[in-house]
Amino acid sequence: MIKHSFSITSGTTLLVLIFFLSAVNTSFSQHMYENADEPLLIKNTMELLNQGKHDSVLAICNQLMKNHPESPSGYFLAADAYETMNRDFRLKTYRAPFDSLIRLAVTRAEAKLAQDPTSYNYFSSGIVKSYYCLALFQAGHYIKAIKTAENGISLLRKSHALEPDFVDPLMGIAAYEYHKSKLLFGLLGGSEKEAIAKFKKVVKLGRYISTNAAYSLQAIYFENAQYDSALIINDQLFLKYPENPSCLYLRALLLEHVQRLPEALQIWNRLIAVVSAPQPGSNGYLAECHYHVASIHRRLDQANSAWVSLMQAARFAANRQADAELEGSHVKFKEIKSDINKALREWKRNDVTPIR
């Protein structure tokens, strides 16, 4: 059985979940691009991305970059859209535009902060640099990535110090402290309890990234086998984002853990439909999903369906393209493939009634 090792970062870097997006529901018209309050526009655009409306987000970003070329917002939000598509569907399709846009966002954010050192601009620069870590890690620049992450945290601390009522910077700080508390038995410092308190504060009072904090709390609860608490959060996310791949993936896993197997089966099948949309899709991701479907069918004593789904999982696993697909955030493909192969050996063919 696949063992899932959850991380609140949900990605390669310590802070990638800082941008998992927040929650407001607003429609846009052409004049808003030029006249809207920029923080509100950013917040609304992030919500569209959480809803999976990637084309709308990129259209807004293009207009932002055209009308406000000195602002980091359009470059950053476009980079985030591309990386979200990569991450949600486990593909490397949009890695090049992500890399170029996040570098432009860093340059713009640094210039804006130097010109106007406000709490918001410290926050903006800290967020952009924290996300820039991902590009650096993916390029193999590990030392520079770590230094950039630390610089990003420093900027977030300054942002919060300048405006204590602005709690959003606590999200990145909490992620950083939580991971420190888990490394080397806590010898590097950091308090899990304090980090959780910060996440909860951002969930309740965050202006932009309350959803980020909710995803992080959900992952922490999962990591500590507090599945009911994780599901309470996921229920709320699922109501808002019923087609979001990350929300569906976590929901399917949680439902399995609390033995709500028929519901879990429905969610895995819904997720399969969502992640099958890009063509070509991620064979590794689909292999994992079909393996879970097979496992649930077997646990429900539905041997025929279990075998059919297992064979589908095996076919997808055999077709995985490592140079075009990303690893999942919580389990490596080699573990998925190992579990599929183990099931192929152990699930006796004579357990399956011939299909007529």
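## Salt bridges in close-up

**View 1. Asp235 and Arg251 form a salt bridge, with their closest N and O atoms 2.9 Å apart.** Here a salt bridge is a side-chain nitrogen of Lys or Arg within 4 Å of a carboxyl oxygen of Asp or Glu. Asp235 belongs to helix H11 (residues 227-240) and Arg251 to helix H12 (residues 245-257), so this pair ties together parts that lie 16 residues apart in sequence. Helices are DSSP runs of H or I of at least four residues, numbered from the N terminus. Asp235 is partly exposed at 30% relative accessibility, whereas Arg251, at 8%, counts as buried; buried means under 20% relative accessible area, exposed over 50%, and partly exposed in between, with a 1.4 Å probe and protein chains only. The structure is a predicted model, in which local features need pLDDT of at least 70 and side-chain atom pairs count only at pLDDT 80 or more, while totals for chains, interfaces and linings use all residues. Residues are numbered from 1 along each chain as its sequence is written, and side-chain values use heavy atoms, leaving out hydrogens and water.

**View 2. A salt bridge joins the side chains of Arg299 and Glu256 at 3.3 Å, N to O.** This pair links distant parts of the chain, 43 residues apart, with Arg299 in helix H14 (residues 283-299) and Glu256 in helix H12. Arg299 is partly exposed, its relative accessible area being 37%, while Glu256 is buried at 5% relative accessibility.

**View 3. Glu325 and Arg320 meet through their side chains in a salt bridge of 3.8 Å, N to O.** Both Glu325 and Arg320 are buried.

**View 4. A network of salt bridges links Arg157, Glu177 and Lys198.** A search of the whole structure finds ten salt bridges.

Notes
Helix = DSSP H or I, 4+ residues; strand = E, 2+ residues; numbered from the N terminus.
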